[in-house]
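These are notes for a colleague who is opening this structure for the first time. Please keep the sequence and the model side by side while reading.

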Amino acid sequence: MNVIWAPWRMAYVKNAREPARCIFCLEHGTRRDGARLVLHRGRYGFVIMNRYPYNSGHLLVAPYAHVKSLELLPADCALDLIRMTNLSIRALQLAVRPEGFNVGFNLGQVGGAGIEAHLHLHVVPRWNGDTNFMSVLAETRVIPEHLRATYRTLRAAFRSALAGHRPAVGPRRSRSPEAGAKRGTTIKRHPVPTSAARRSAKANP
Ligand SMILES: [Zn+2]
């Protein structure tokens, strides 16, 4: 597997080990869902955008229950996490047409969990070549405007996915996620750097 190098996450990794309060313990009511970047609330859990993403459209699926490991969840709750993971994948397919996904749990600090006390599942959309250009764009990726625009796009995609809409099938007309913009439901992604920038990134890893 190609691993995305995401240096902009260092601020999060360094500072978020011991948050004042658990960021995955949602307050009751949906008034702050927009500010919290909550995309969907299910019966036993919810889907939220990662403010420090590995990739554009990086989502987190978490139970409402403050538990740190999967086996501590009742079966209904664990099944709901899988349902919301499928919903997240469908919404991302509608919005940005990824070419693949990384989906999974990091359990425990040694296992890579940033917030180890509250279980959460990562859904990371992947595109061919994203490991090459991510580092070039590192400084520009996590900006509030980008997160809010992505949030609005994904909220619409979740509504479509819940309504049963399916991503278009058949051969892709373009490898670019921007192709989805013509359908009006894509995340605005950063431009792919020039070949010169790619060569520069390889020369200066
Ligand atoms: Zn919690």
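Predicted model: local features only at pLDDT ≥ 70, side-chain atom pairs only at ≥ 80, totals over all residues.

1. The chain contains 6 helices and 5 strands, and read from the N terminus its elements follow the order α-α-β-β-β-α-β-β-α-α-α. Of its 205 residues, 29% count as buried. Among contacts between residues at least 6 apart in sequence, 72% join residues at least 24 apart.

2. The strands form an open sheet of 5 strands in the order β1-β2-β3-β5-β4, with antiparallel pairing. Because β1 and β4 stand at the edges and have a single partner strand each, one side of each is left without a neighbour in the sheet. On average, and with direction ignored, neighbouring strands of this sheet are turned by 20° against each other.

3. The pairing can be followed strand by strand. β2 and β3 run antiparallel and are joined by 5 bridges, and here Phe46 has Ala62 of β3 as its bridge partner. β3 in turn pairs with β5 in the antiparallel sense over 3 bridges; on this side Leu59 stands opposite Val123 in β5, while Leu60 has His122 in β5 as its bridge partner. β4 and β5 are also antiparallel, over 6 bridges, with Gly100 partnered by Arg126 in β5.

4. Which residues of β3 point one way, and which the other way? Leu59, Val61 and Pro63 point one way, Leu60 and Ala62 point the other way, and all are buried. β3 is accordingly described as mostly covered, with 5 of its 5 residues buried. For β5, 5 of the 6 residues are buried, so this strand is largely enclosed by the rest of the structure.

5. The largest nonpolar core has 29 residues, and those with the most contacts inside it are Val61 and Ala91. At least two residues of this core come from each of β2 (45–49), β3 (59–63), α3, β5 (121–126) and α5 (144–162). The element that gives the most to this core is α3, with 8 residues. If residues up to four places away in sequence are not counted, Val61 touches Gly45, Val47, Leu81, Met84, Thr85, Ser88, His120, Leu121 and Val123.

6. Helix α3 deserves a check of its own. Its 22 residues should span 32 Å at 1.5 Å a residue, and its end C-alpha atoms are 31 Å apart, which agrees. The buried residues of α3 are Asp80, Leu81, Met84, Thr85, Leu87, Ser88, Ala91, Leu92, Leu94, Ala95 and Val96. As background to this list, an α-helix has 3.6 residues a turn, so residues three or four places apart point the same way.

7. Leaving aside neighbours within four places in sequence, Asp80 is in contact with Gly42, Arg43, Tyr44 and Gly45. Asp80 and Pro63 are 17 residues apart in sequence, and their C-alpha atoms are 8.5 Å apart in space.

Note on methods
Residues numbered from 1 in each chain as written. Core = buried A, V, L, I, M, F, W, Y, C linked by C-beta atoms within 7 Å. Buried ≥ 20, exposed ≤ 12 C-beta atoms within 10 Å, placed from the backbone. Helix = DSSP H or I, 4+ residues; strand = E, 2+ residues; numbered from the N terminus. Contact = placed C-beta atoms within 7 Å. Pairing = 2+ DSSP bridges. Expected span 1.5 Å × (residues − 1). Axes fitted to C-alpha atoms, helices over the stretch in contact; angles between N-to-C directions.
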